[in-house]
Amino acid sequence: MTIDLKTIKHISRLSCISLEDEKAQKLAGDLNSIFKFIEKLNELKIEDVEPLTSIAETTLKFRTDEVKSDNIREKILKNSPSDNEDFFVVPKVVE
Amino acid sequence: MTKNNHEFLITRKNNHYEVVIGLEVHAQIKSNSKLFSSSSTKFGAEPNTQVSLVDAAFPGMLPVINEFCVKQAIKTGIGLKAKINNKSVFDRKNYFYADLPQGYQISQYKHPIVGEGKVILDMPYGQKEIGIERLHLEQDAGKSIHDIDPENTLVDLNRSGVALMEIVSKPDLSSPEEVNIYIKKLRSIMRYLGTCDGNMQEGSLRADVNVSVKKKGEEKLGTRCEIKNVNSIKFMQMAIIYEANRQVDLLEEEKTIDQETRLFDTKKNETRSMRSKEDAHDYRYFPDPDLLPLEVTNDFIDSIKLEIPELPDEKKKRFIEKFKLTPYEATILVSDIETSKYFEEVTNNSDIKLATNWITGELFALLNEKNLEISESPISSRNLSKLINLIKNGTISGKIAKQYLK
Amino acid sequence: MSEISSLTLTELVKNIKEKKLSSTEITKAFVERSQKSKELNTYITEDFSSAIEKAQKFDDKPNFDLKLPGIPIAVKDLFCTNGVRTTAGSKILNNFIPTYESTVTQNIWQQGAILLGKLNCDEFAMGSSNETSFFGNVQNPIDKNLVPGGSSGGSASALAANLTPVTIGTDTGGSIRQPASFTGTVGLKPTYGSCSRYGIVAFASSLDQAGPMSKNVKDCALLLEVMSSYDKKDSTSIDFNRSKYSLELNNNIKGKKIGIPKEYRVDDMPIEIEELWKKGIEHVKECGAELVDISLPHTNYALPTYYIVAPAEASSNLARYDGVKYGFRSHGENLIDMYEKTRSEGFGDEVKRRIMIGTYVLSSGYYDAYYLKAQKVRRLIKKDFDVVFNQVDAILTPSTPSSAFKIGEKTNDPISMYLNDIFTVPINLAGLPGISIPAGFDKNDYPLGLQIIGKAFDEQNILNIAYSIEEKINFKNKITDWWIK
């Protein structure tokens, strides 16, 4: 199965990365060879195998319901591109 | 249990249409800290003052699950007479939005913590059972504020990461009135359990409403549309009425209904399509690799069962038997846990019949007028008992008592 | 001065404790050598003046009970360091200064170590040659225009060049072991869950592990001992009984069973790698261990599996880089436009490639065919190891299918680049520990490494085996200081 330009454009929209046609074309080529390589997995018969989602040999540990974090607004906003002291600022969404 | 509906139909010329409604209710869990981080969940704080590094999705930050939130979800599941799943999985729901700092929401997709259950509605025409499909845990998003800055959107992440229970009903609701009773019942159950305060003005309870229509008697369901994020019962009802009529109009004109997501415009009282990009809703769910499957033992679940108080349905049964109330009276008195407590305190010390009448009559009228909750009642249960006793033994007349209350 | 910088960690610690050297002397030595070595381009951020200050502070009030007392260490720029720029080798984090510390680096500072600076790496740890960094290529000190390997290329290069006595890296598909092999150094990837991932810029959550990189096995054991801890802030961190790796290090491996997997003998394997492996087998025999032929039948499916799982997780982990909270932001007409431009300009080509792969394999209609399938194969790969570890205590393989290649040699062919990880990737998928030790040279005199793979949580065993054969191999790295101005 081939990955065409239309697919690349769709994927780039989903991942919020803009791509010019030239770059998109090259990416399609790269992805096609990578997916050819990945197709090797089709050699295996694995319908009855359980998928492995976590390799950590332990169970999910709980945390108690205590408020531990203080107001660290300054730290939180320190690295943001705008200098608003209360909010993160972003361009408007187009509805 | 009868399924006899006082039918809600939309009629055009000779065609009668039934409305099929399913609700996805988002209920904020009552807890001190968030689902995967230890920031406070208190309502009304200054913007971005209840945000941790994890909430703001800084590089290298990781989720750690709040045990109490898990218990609250299980408790709610028990209150919905639902199956509690010993194993459930957290999945990432991937999409981009300003109030979603991670670029994904941690939710549960294929394996939720709670499975099928039911809620019984007391309708005027009898009881109706509404099926619950599932309940799962997920993170709430932050808030985007569009109307402070004309050029930009401001983002407050205080709410980002607060624990939500998403309660999905089966498409068993048939009318705006049933939706009203359903939401109130859910609210009541959760308030009894202490798992959600159900405060819709503060946003602790919101719903996505799924609406479709079909010709009366037809088996096959119509195409449904989802109306997102409706935060009051009144708006839900208005949205349903508008949307059902819109769909019926389309069908009458032999046009197709597009399956889509819509918003309810509260100013214009209409639903409109969200102008979103095609395929924007491919959420690419996959199990969150920063977490492990959630495993709860039967012992864990049983210990939570011990914490369940008497729930509305059981209390109603008991009130009818013990106090010889009518189903109608009982329904009113158990709908809110504080009310039922107040009632029992009063009846402990005074005449039941009088107590019933005075509480459901004069007291409720007074509270409504002054917009107070029963917990804020100007007259305590003790004092109301005393008042009622005075009436009973003839010391004062009903009229004087009424004046006293005012 | 150059003598100090060629001492091992163990020797430096001894010298400090015996008051033969001060922290200030040691730190200044590494700083000076680092300053002369800019051509290697191993540093993204230097913290030299602060390091010397800290060293002086240490000397004023030394604490010799610590395990890394006053020892200067530079770390891979994937570890968030409080107040010190952390870029992950990317333009999108070019100006990011964390207000918090990663657990692993916290552990080493707590034992007295001092931050020298942040080392170059492939962007977001995606690469096998340190050629994808926004901050430029890293030179391998072995020879000019040679890649050091990746993604911990800056770390391996700085280590081999004696700009830092030890360093810490991260390994998702081989990013510690492969550069160790390319630079003639030692690198260990611990069992998944051994080192906390808190505060490490995430690439692929179910595969990432921080690990020690050093010039010999003894140093590696000491550093691992400090790095590894149970961390409640990381839900995948495991609370197991961690050995005192350096104290329990020994070279007695008599009777240990070492597996030789036939599937690692790949087609067209260079003669030198074959010879190296044979030599390793001989050394193991000399140490009294027993060799067992084993099979890991799903080995050839590991790379394709990895190139589904890792990009999938990465595509989601990197969604947070959106210009809203921190990092680079491009101007946009509206929110989505801002996102798209920011991420297009902020990410390099390899990162974009992998995000696209990841997004695709998780997308509607393809999830079952790719991601789900990969997770199933992953279970089979893990099972292979589980079965084999009933028969053997450890597994011996080459670390890489070749020695270091020239800068630019493989950048046009992603597959050829990915094949570098063929021997390292399987154990990331299985969550097992593995160590690479330098074991020989190829015909160009470039180093080659041998890999020892162990059972989960059995780092002590692979350290011991490595320690034993290290002695027999007696490897001497051939560094000529060609870059020193």
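Tutor: Let us begin with Gln460(C), which belongs to helix 16 of chain C, residues 459-473. The model is a predicted one.

Student: Why is Gln460(C) called buried?

Tutor: The term buried requires under 20% relative accessible area. Gln460(C) has a relative accessible area of 10%, so it is buried.

Student: Which residues are in contact with Gln460(C), leaving aside its neighbours within four places in sequence?

Tutor: Contact requires heavy atoms within 4.5 Å. On that basis Gln460(C) is in contact with Ser243(C), Lys244(C), Tyr245(C), Glu248(C) and Leu249(C).

Student: What makes Glu166(B) count as buried?

Tutor: The cut-off is again under 20%. The relative accessibility of Glu166(B) is 10%, and therefore Glu166(B) counts as buried. The residue sits in strand 10 of chain B, residues 163-169. Beyond residues up to four places away in sequence, Glu166(B) touches Glu24(B), Val25(B), His26(B), Arg134(B), Leu135(B), His136(B) and Glu138(B).

Student: How far apart are Glu166(B) and Asp282(B), in sequence and in space?

Tutor: They are separated by 116 residues in sequence and by 19 Å in space, C-alpha to C-alpha.

Student: Is Asn48(B) buried or exposed?

Tutor: Its relative accessible area is 0%, so Asn48(B) is buried.

Student: Where is Asp445(C) found, and what is its phi?

Tutor: Asp445(C) is in the loop between strand 10 (434-441) and strand 11 (447-454) of chain C. Its phi is near 70°, a positive value in a residue other than glycine.

Student: Why is Asp445(C) called partly exposed?

Tutor: Buried needs under 20% and exposed needs over 50%, with partly exposed in between. Asp445(C) has a relative accessible area of 37%, which means that it is partly exposed.

Student: What kind of peptide bond joins Gly150(C) and Ser151(C)?

Tutor: Most peptide bonds are trans. The bond between Gly150(C) and Ser151(C) is cis, with omega of about 10°. Ser151(C) has its place in the loop between strand 3 (114-119) and helix 6 (153-160) of chain C.

Student: How do you know that chain B agrees with a compact globule in its radius of gyration?

Tutor: For 406 residues, a compact globule would have a radius of gyration near 22 Å; chain B has 24 Å, and therefore the two agree. Buried residues account for 56% of the 406 residues of chain B. Among its contacts between residues at least 6 apart in sequence, 69% join residues at least 24 apart. The chain contains ten helices and 16 strands.

Student: How does chain A compare with a compact globule of 95 residues?

Tutor: Such a globule would have a radius of gyration near 12 Å, but chain A has 23 Å. The C-alpha trace of chain A spans about 55 × 45 × 25 Å along its principal axes. Along the sequence, chain A reads α-α-α-β. Of its 95 residues, 41% count as buried.

Student: How is chain B divided into domains?

Tutor: Chain B has domain 1 (9-305) and domain 2 (312-405), and the C-alpha centres of these two domains lie 35 Å apart. Nine residues of domain 1 are in contact with twelve residues of domain 2.

Student: What does the second largest pocket draw from each domain of chain B?

Tutor: Its lining takes at least three residues from each of domain 1 and domain 2 of chain B. The pocket holds about 1,600 Å³ of space. Of the 39 residues that line this pocket, the closest to its centre are Lys184(B), Arg187(B), Ile332(B), Ser335(B) and Asp336(B). Helix 2 of chain B gives the largest share of the lining, seven residues. By class, the lining has 16 nonpolar, twelve polar and eleven charged residues.

Student: What is the volume of the largest cavity?

Tutor: The largest cavity has a volume of about 80 Å³. The residues lining this cavity include Val54(B), Asp55(B) and Leu100(B).

Note on methods:
Residues numbered from 1 in each chain as written. Chains lettered and ligands numbered in written order. Predicted model: local features only at pLDDT ≥ 70, side-chain atom pairs only at ≥ 80, totals over all residues. Heavy atoms only, no water. 1 Å grid on protein atoms, 1.4 Å probe; cavity = no way out; pocket = protein on both sides within 12 Å on 5 of 7 lines; lining within 4 Å. Points joined across faces, edges and corners; volume = space filled by probe spheres on them. Helix = DSSP H or I, 4+ residues; strand = E, 2+ residues; numbered from the N terminus. Nonpolar A, V, L, I, M, F, W, Y, C, P; charged D, E, K, R; others polar. Domains from an automatic or database assignment. Rg over C-alpha atoms; globule rule 2.2 N^0.38 Å. Buried < 20%, exposed > 50% of the residue type's maximum accessible area, 1.4 Å probe, protein only.
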